[in-house]
Amino acid sequence: MKSVQPATSLSRRTPPIEAVVVGTSAGGLAALGVLVDGLAADRQTPLLVVQHVPAHGPTQLVEIFQRKTALRVKEAEDKEAIAAGTLYFAVPGYHLLVEQDYSLSLSQDDAVHFSRPSIDVLFESAADAWGPRVAGILLTGANEDGAAGLEAIQRAGGLTVVQDPQEAEVASMPLAALQRITPDYILPLRDIHRLLREME
């Protein structure tokens, strides 16, 4: 188990982190609430989140999380330029991707691990776009989505973080990632939150 390093560790990281991608499924609403609490509205690193949700019907994710954070919270839009100080949620029924010009795109390609949006799709596209300047965080969840994507981020030189499976409400997703890679950090939520604060 790795612990959080001193704050200077990320502030001195070369290259610095420019964006954070987060993936979660079962148990994710509570976990995300801990992560975004207290994040500064003027933070430079945007957060892009895939939370597995039903493909149809309103999710209320924007309404729920706008009450929990000072960040601007919105659903991602096709061709939208990624902005600082913003928490983006993938749209139900659509994969969320990052393009090479740091804009967002939405896709209705086949589901991955029975999921659309898929964490793998977001993580792999973010690794292609940002390379070593992206951080990937994988949280509680009930399937293997996100493990391959986190591996792609690691191959690109990005920062990889997995929630401690012993703390996760559903450990399947963190455990699947740990079967593929040794991440930079395996941490409980409160320490992942501290790590995010260092990226502000």
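Predicted model: local features only at pLDDT ≥ 70, side-chain atom pairs only at ≥ 80, totals over all residues.

Visitor: Okay, helix 2 then. Which of its residues are buried?

Guide: Helix 2 spans residues 28-36, and its buried residues are G28, A31, L32, G33, L35 and V36.

Visitor: And what covers them?

Guide: The cover includes strand 1 (19-24), strand 2 (47-51), strand 4 (86-89) and strand 7 (134-138), together with helix 3 (61-66) and helix 7 (189-198).

Visitor: What follows helix 2?

Guide: Helix 2 is followed by G38, a residue whose phi is positive, near 80°.

Visitor: Switching to helix 4 and helix 5: at what angle do they pack?

Guide: Helix 4 (residues 119-130) and helix 5 (residues 147-155) pack at about 10°, and their axes are 7 Å apart. Because angles under 35 degrees count as roughly parallel, helix 4 is described as roughly parallel to helix 5.

Visitor: Which residues make that contact?

Guide: On the side of helix 4 they are D120, F123, E124 and A127, while helix 5 contributes A147, A148, G149, L150, A152 and I153. Sorted by class, the contact has seven nonpolar residues, one polar residue and two charged residues.

Visitor: New topic, aromatics. How many aromatic pairs does the structure hold?

Guide: It holds two aromatic pairs. In one of them, the rings of F65 and F89 have centres 5.3 Å apart and planes at 45°, so that pair is tilted. F65 lies in helix 3 and F89 in strand 4, so the pair ties together parts that are 24 residues apart in sequence.

Visitor: Are F65 and F89 buried or exposed?

Guide: Both F65 and F89 are buried. Y102 and W130 also form an aromatic pair, which is stacked, with 5.6 Å from centre to centre and 20° between the planes. Y102 lies in the loop between strand 5 (95-98) and strand 6 (104-107), and W130 lies in helix 4, so this pair ties together parts 28 residues apart in sequence.

Visitor: Are those two buried or partly exposed?

Guide: Y102 is partly exposed, with a relative accessible area of 29%, whereas W130 counts as buried at 5% relative accessibility.

Visitor: Last one, the serine. Where is S115 found?

Guide: S115 is in the loop between strand 6 and helix 4, and at 7% relative accessibility S115 counts as buried.

Visitor: What does its side chain make a polar contact with?

Guide: The side chain of S115 makes a polar contact with the side chain of H52, at 3.4 Å. Leaving aside neighbours within four places in sequence, S115 is in contact with H52, H95, N143 and D145.

Notes
Residues numbered from 1 in each chain as written. Heavy atoms only, no water. Buried < 20%, exposed > 50% of the residue type's maximum accessible area, 1.4 Å probe, protein only. Helix = DSSP H or I, 4+ residues; strand = E, 2+ residues; numbered from the N terminus. Contact = heavy atoms within 4.5 Å. Axes fitted to C-alpha atoms, helices over the stretch in contact; angles between N-to-C directions. Parallel < 35°, antiparallel > 145°, perpendicular 65-115°, else oblique. Nonpolar A, V, L, I, M, F, W, Y, C, P; charged D, E, K, R; others polar. Phe/Tyr/Trp six-rings, centres within 6.5 Å; stacked < 30°, edge-to-face > 60°. Polar contact = N/O pair within 3.5 Å; in protein donor to acceptor, adjacent residues only side chain to side chain.
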